[in-house]
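This report covers the salt bridges of one protein model. It looks at where the partners sit along the chain and how accessible they are.

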Amino acid sequence: MKFRNNFPVRGKYLSFVVVALAFTVLVLWAWQENPFLSTSQSVQAWYRTSYAGFIVGPTNSSELPNTAKENTEKTYSNSSTKEETVKDSAHSEVTPTDFASTIILNRSQSNENTCSYGNGGWVPDDSRPLYSGFGCKRWLSAMWACRLTQRTDFSYERYRWVPKDCALPAFQRSAFLQRMQDKTIAFIGDSLGRQQFQSLMCMVTGGEESPDVEDVGKEYGLVKAKGAIRPDGWAYRFPSTNTTILYYWSSSLSDLLPLNISDPTTDVAMHLDRPPAFLRKFLHRFDVLVLNTGHHWNRGKIRQNRWIMYKDGIRSELGNLKEIGIAKNFTVHSIIKWLDSQLPSHPRLKAFFRTISPRHFRNGEWNTGGNCDNTTPLTRGSNVEQNESSDAMVESAVRGTKVKMLDITALSQLRDEAHKSHFSIKGTSGGSDCLHWCLPGIPDTWNEILIAQI
């Protein structure tokens with residue numbers, strides 16, 4: 001019986017298998033290496049990886065759109081949703097979005113040490129403002145409640161800050177109070193610090209009267225002195241969670257001592273290298289501390305307050321400390337250095353230094369006809385993307401310390417329309433205020449960023 005030789009056929013079959021495997025490997029390699037193939041996906045898949053109009057992908061490719069309008073157009077065009085608009089009382093168009101309710105869902109939280117909350121963009125959000133400018137009467141100074149003034153355009157209230165590389169959780173009153181149970185938050189600084197304090201009080205109460213909130217100013221010596229316009233600060237406690245929020249006025253963050261206590265017109269020693277006595281006395285009671293200074297470091301304010309600069313207990317007659325800018329820099333570095341030295345003894349304390357709030361005077365200053373009459377949002381652009389803070393002084397001072405920088409300068413610089421401006425309650429203007437903000441307004445965003453970092 002003869003057997004047929006099948007080896008040639010088997011050899012051909014084996015060769016075919018080898019060629020097929022090689023072709024498959026080549027195709028898979030091409031698929032992986034070809035940028036077009038690796039990024040092709042449906043519009044729906046792309047939209048699922050987007051975040052309120054900001055593409056979430058590789059870090060080096062994520063971009064912010066140039067304007068808030070571009071952002072909403074991209075979002076709506078990619079979700080095949082018809083864009084609608086609403087108008088406020090001044091007929092300013094704002095795109096309704098669901099940012100407040102869905103903002104956290106499609107983005108993962110970045111590490112706190114690598115996240116820059118100051119980089120990002122302003123986007124429309126029709127869930128804003130966070131509280132009523134009419135209702136927050138107990139906490140909000142009438143002069144900053146722009147809803148009580150003659151102003152008719154309030155579109156500035158309806159924007160939300162969206163960081164580029166990290167999530168900024170939507171503020172929730174109950175969650176915040178639970179998180180801050182048995183804790184004290186202290187703001188120490190100038191009138192912009194007072195605005196941030198009032199903003200947080202309005203946010204936490206929802207702008208409502210809240211008769212259960214206790215005035216505990218006496219515990220901190222914050223009582224109105226005889227003949228004074230107001231006390232040196234305020235302190236309030238939420239009894240349900242034992243949460244205290246306070247503010248203390250210290251516009252220079254230096255220790256101020258009258259040279260002649262019996263003379264009401266005496267000069268005041270401004271000790272640049274000493275923290276305010278209030279801060280030294282009550283530091284052990286604070287869980288969160290926010291410091292700021294800036295706009296009182298000018299010749300007019302120093303003369304008006306009769307401040308005389310001191311260093312090492314000696315009047316400063318020589319050297320660079322006579323230059324106001326250098327004196328301010330010295331003071332900021334001194335208090336941050338001192339605070340950093342105290343942190344090991346206060347392990348629960350989280351300390352922040354807020355960067356300077358920008359001014360927007362045009363065609364002059366507050367006393368020479370300067371104004372900020374623009375009421376159109378984001379005429380300066382909507383996005384910030386930079387590697388350094390716009391407040392180089394504070395950034396330099398906190399570097400190498402455990403004091404954190406609350407960086408709000410650049411994002412606030414874009415919002416010149418949100419100042420108090422020339423509007424008043426009685427309709428008569430005594431000039432324009434292009435330093436302080438309308439509330440509700442920009443300081444609410446400062447607090448959202450602060451809360452995200454606590």
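The model is predicted. In it, E219 is partly exposed, with a relative accessible area of 38%. Its salt-bridge partner is R285, at an N to O distance of 2.9 Å. E219 belongs to the loop between β8 (214-215) and β9 (233-238), while R285 belongs to the loop between α8 (277-282) and β13 (288-291). The two are 66 residues apart, so distant parts of the chain are linked. R285 is partly exposed as well, at 27% relative accessible area. A network of salt bridges joins E219, R237 and R285.

The search of the whole structure gives 13 salt bridges. Three of them are listed here.

| Pair | Closest N and O atoms |
|---|---|
| K164 and E385 | 2.4 Å |
| D416 and R380 | 3.6 Å |

K164 and E385 also connect distant parts of the chain, 221 residues apart. K164 is in the loop between β6 (159-163) and α6 (173-179), and E385 is in the loop between β17 (383-384) and α11 (392-398). K164 counts as buried because its relative accessibility of 11% is under 20%. E385, at 54%, is exposed.

D416 and R380 form the remaining pair in the table. D416 is buried, with 2% relative accessibility, whereas R380 is partly exposed at 37%.

How values were computed:
Residues numbered from 1 in each chain as written. Predicted model: local features only at pLDDT ≥ 70, side-chain atom pairs only at ≥ 80, totals over all residues. Heavy atoms only, no water. Salt bridge = Lys/Arg side-chain N within 4 Å of Asp/Glu carboxyl O. Helix = DSSP H or I, 4+ residues; strand = E, 2+ residues; numbered from the N terminus. Buried < 20%, exposed > 50% of the residue type's maximum accessible area, 1.4 Å probe, protein only.
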